[in-house]
Amino acid sequence: MTIAAVERALKMLEALADEAEGADLSLLAERLGLPVSATHRLLATLAERGLVAQDASSGAYGLTLKLAQLAFRNLDLRGLPDAGQLVLDELARTTREYCRLAVVEGEDLVWIARAQGATAGLRYEPPMGTDIVLHATATGKAWLTSLPEAEALRIVCARGFKAEGRTGPNALGDVDALRAHLDETRRRGFALAVEEGEIGTVAMAVTFRAGPEPDAAIAGTLSVAGPLQRMHEARREEIAAALQRAAQAMAEIWPLRRRQIAPAGAQAPRLGATAPATGTAA
């Protein structure tokens, strides 16, 4: 298979990932800019591998669960969700908001685990499968502050500030605004996004390290997000302290993630008072 064919196959999988009910052949051909015959051959190949299936009644093509199965298999081998879930659950109980764990993958972040702490009222619970817009999310900005400024700006500028409409009304729009915001984040000790990723929401985040050593590499981020009316300014210092305790607890267990098993009824690591693990320490 040529590089071009691999690229077309990946674009097809990405296109189908956004279609809950599947899509017909002509629509997929139009989206990929391919002849209908070539699109059909590509779909047939993916179907042979069990990645795509055609609905017998509508004729629409859709993804099977095989991709999800492969993803979960890889996560299980790496031990990533198990390593963080107990800490994440404790953070959700403490803050009573929606909490997520993201890990660094090259020059990107990927959400891999979540916990819902809200028990009443509005529940903010966005999908896990979306790309993280680095300049418009607390998660992204927490990680960016751990990088040299030039590197952080390069990564964001390479992607652009538009983000295809996946930002809120207060999203940063240029390099100067981003540079000033990252400086403020370093001074504050945690990342903050007020209606930047989505209207009506606030998110806070810190990084955590791959081990308890102060010079360990940044492994990922922990975030807390919720409705603006609950995540008001008076609560933010309390939530920031909970995030920093969780980040230190995560750093303690992260080296053990491949061996960690979370039995039923297991207790989360005790989240004692610790130094912050945000980009300010990097």
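This is a predicted model: local features need pLDDT of at least 70, side-chain atom pairs count only at pLDDT 80 or more; totals for chains, interfaces and linings use all residues.
Leaving aside its neighbours within four places in sequence, which residues is Glu196 in contact with?

1. Start with Glu196 itself. You'll find Glu196 in the loop between β5 (191-194) and β6. Once the neighbours within four places in sequence are set aside, Glu196 touches His135, Ala136, Lys141, Thr167, Gly168, Asn170, Ala171, Leu172 and His181. Is Glu196 buried or exposed? With a relative accessibility of 5%, Glu196 counts as buried, because the cut-off for buried is under 20%.

2. Next, the aromatic rings. Searching the whole structure turns up 1 aromatic pair. The partners are Phe208 and Trp254: their ring centres are 5.1 Å apart and the planes sit at 70°, so this is an edge-to-face pair. An angle over 60 degrees is what counts as edge-to-face.

3. Where do the partners of that pair lie? Phe208 belongs to strand β6 (residues 201-209), while Trp254 is in the segment after α9 (233-253), so the pair ties together parts that are 46 residues apart in sequence.

4. Both partners have a burial value worth checking on screen. Phe208 has 0% relative accessibility and counts as buried. Trp254 is buried too, with a relative accessible area of 4%.

5. Finally, have a look at two arginines beside rings. Arg100 lies over the face of Trp111, 3.5 Å from the ring centre. Over at Phe190, the charged end of Arg188 sits over the ring, 5.3 Å from its centre.

Technical notes: Residues are numbered from 1 along each chain as its sequence is written. Side-chain values use heavy atoms; hydrogens and water are left out. Rings of Phe, Tyr and Trp (its six-membered ring) pair if their centres lie within 6.5 Å; planes under 30 degrees apart count as stacked, over 60 as edge-to-face and the rest as tilted. Helices (H or I, at least four residues) and strands (E, at least two) are DSSP runs, numbered from the N terminus. Buried means under 20% relative accessible area, exposed over 50%, partly exposed in between (1.4 Å probe, protein chains only). A charge sits over a ring if NZ of Lys or CZ of Arg is within 6 Å of the ring centre and within 35 degrees of the ring normal. Contact means heavy atoms within 4.5 Å.
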